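Subject: A structure to look through

Dear colleague,

I am handing over the structure below, and my notes on it follow. Please keep the model open beside you while you read.

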Amino acid sequence: MLPVFVLDDATPGGWRRGAASRWWLHHSLSALAADLARLGLPLVLRRGPAEAAIAALVQDSGATAVMWNRRYEPWNRQRDEGIKVALHAAGIEASSHNGALLREPWEVTTGGGRPYQVFTPFWRALRSLPGPGQPLPVPSGMAAPDRAPAGDRLDDWALRPTRPDWAGGLSRTWTPGEAGARERLASFLDRALPAYRTGRDRPDRDGTSMLSPHLHMGEVSPRTVWNAVEAADADGEAFLRELGWREFCHQLLFHHGDLADAPLRPEFARMPWRDDPQQLAAWQQGRTGYPIVDAGMRQLWQTGWMHNRVRMVAASFLVKDLLLPWQAGEAWFWDTLVDADLANNAANWQWVAGCGADAAPFFRVFNPVLQGEKFDPDGRYVRQFVPELAPLDDRWIHQPWAAPAEALHRAGIRLGRDYPWPIVDHAAARQRALAALDHAKRVAA
DNA sequence: TGAAATGTTGGGGCG
DNA sequence: ACGCCCCAACATTTC
């Protein structure tokens, strides 16, 4: 048994693993190598086009069989199929397995054998199938080869940032690796699952699982999570549904290979998106002047993660208030999220933009003030990530521009200097977005 | 997994 | 006592 990891960066279309995800990968591999060492096994690292790397490893090790877990990005599917064919041709046993999903994307179909386009019937169908079985135990008695083939040094891959080292906030927030994943799962079951239905919407609380990067990297399987939630002494249905969305997203990517690049609804190709590098930068850097949006974008930059409720608000703001293309937001999230996942990221951006499967209608525009007041009622979340607003009264924390001069003065805040004025007027921006959609529909018709 | 605009209802103040 | 008006609260429609 020879555990191997091949880093293959030959991904088309700008979808090479992003910076935050590379940081995670470094630490995840480091943890994996340590876990394997405890079992007496090496972890051989190779870099380059996977087909050549695997062929070389087979040669170097004398392996007679190669096993791996399936990936669902179109280029990975194509590549893995090529590897399988080449191995078979060379007389090597090759098999792929499902370690990433509850069900294979082709297993959940409508009565007519078509993929679902709407989440709720998809979820009903998935839910009606037998649940995933218990995960298998860690195999025992795996012997390392007498002499492991040479591999790269993890540090030489330079997956971590150097100058500047922006990963401090990531290190403080996360423990990549299987042990970290199990710890996160256990504390979620204990702490947040009982109140998940409502608690998950509160970015000011520890109400979500934060398992997404662990799931993405395969440090815990959705099957393990599913079984643990079902076994818990709490109503886990709302959380299981979120695992269902993850499945739905992967199913969409499987059936629509260009999900990450092209809108599923063709009329959205005609949306008159704006091109405004300055406003895009303001959004990315968390200086839009809308506190809940800025808090979210700064949480993302500092920790590599953003609370799901705030992701929806921030994404809605980019696409609708700023009328910038959803692909620009998708690309930024891809680079900065530790949980960056092609299927989830693409499907959810399309959902927000209103151009995806079962998407939120485009006219459903989040009001950043109301969302802030509803889900961060005493401004704790905003104060954590936008500290310059911390002294402001609760009454104005989500709309500092509306605060009386006296309240701003008391908080020591001068708008335009300490915190930006709103870069757009929400009410006017909302009207502009609705008009843009109207235009796209008319042109399409 | 919205929000704003518009419509309806019903309690209470008041002449 | 009665009708009128105001408006908050809730419901429905529309974007």
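Before the first finding, one definition is needed: the axis of a helix is here a line fitted to C-alpha atoms over the stretch in contact, and the angle between two axes runs from 0 to 180 degrees between their N-to-C directions. Please bear in mind as well that this is a predicted model.

Two packed helices are described by the angle between their axes and the distance between the axes. For helix H2, which covers residues 50–61, and helix H3, which covers residues 74–89, the angle is about 30° and the axes lie 9 Å apart. The crossing of these two helices, H2 and H3, is right-handed. On the H2 side the contact is made by Ala50, Glu51, Ile54 and Val58, while H3 contributes Arg79, Gly82, Ile83, Ala86 and Leu87. Sorted by class, the residues in this contact of H2 with H3 are six nonpolar, one polar and two charged.

Turning to the chain as a whole, chain A has 19 helices and four strands. Its C-alpha atoms fill a box of roughly 75 × 50 × 45 Å, taken along the principal axes. Does the overall size of chain A agree or disagree with that of a compact globule? It agrees, because a compact globule with 445 residues would have a radius of gyration near 22 Å, and chain A has 23 Å. Buried residues make up 50% of the 445 residues in chain A, and the accessible surface of the chain comes to about 20,700 Å², of which 52% belongs to carbon and sulfur atoms. Among the contacts in chain A with a separation of 6 or more, 77% are accounted for by residues 24 or more positions apart.

Gly13 lies in the loop between strand E1 (4–7) and helix H1 (19–38), and it counts as exposed because its relative accessibility is 62%, where exposed means over 50%. The C-alpha atoms of Gly13 and Ala260 are separated by 9.5 Å, although the two residues are 247 residues apart along the chain.

Pro145 is found in the loop between helix H4 (119–128) and helix H5 (168–173), and with a relative accessibility of 32% Pro145 counts as partly exposed. Leaving aside neighbours within four places in sequence, Pro145 is in contact with Met1 and Leu2. The C-alpha atoms of Pro145 and Leu41, 104 residues apart along the chain, are separated by 8.5 Å.

Notes:
Residues are numbered from 1 along each chain as its sequence is written. Chains are lettered from A and ligands numbered from 1 in the order in which they are written. This is a predicted model: local features need pLDDT of at least 70, side-chain atom pairs count only at pLDDT 80 or more; totals for chains, interfaces and linings use all residues. Side-chain values use heavy atoms; hydrogens and water are left out. A crossing is left-handed if the near helix is turned anticlockwise from the far one by less than a right angle, and right-handed if clockwise. Contact means heavy atoms within 4.5 Å. Ala, Val, Leu, Ile, Met, Phe, Trp, Tyr, Cys and Pro count as nonpolar, Asp, Glu, Lys and Arg as charged, and the others, Gly among them, as polar. The radius of gyration is taken over C-alpha atoms; the globule rule is 2.2 Å times the number of residues to the power 0.38. Buried means under 20% relative accessible area, exposed over 50%, partly exposed in between (1.4 Å probe, protein chains only). Accessible areas come from the Shrake-Rupley method with a 1.4 Å probe; for residues, only the protein chains shown count as cover.
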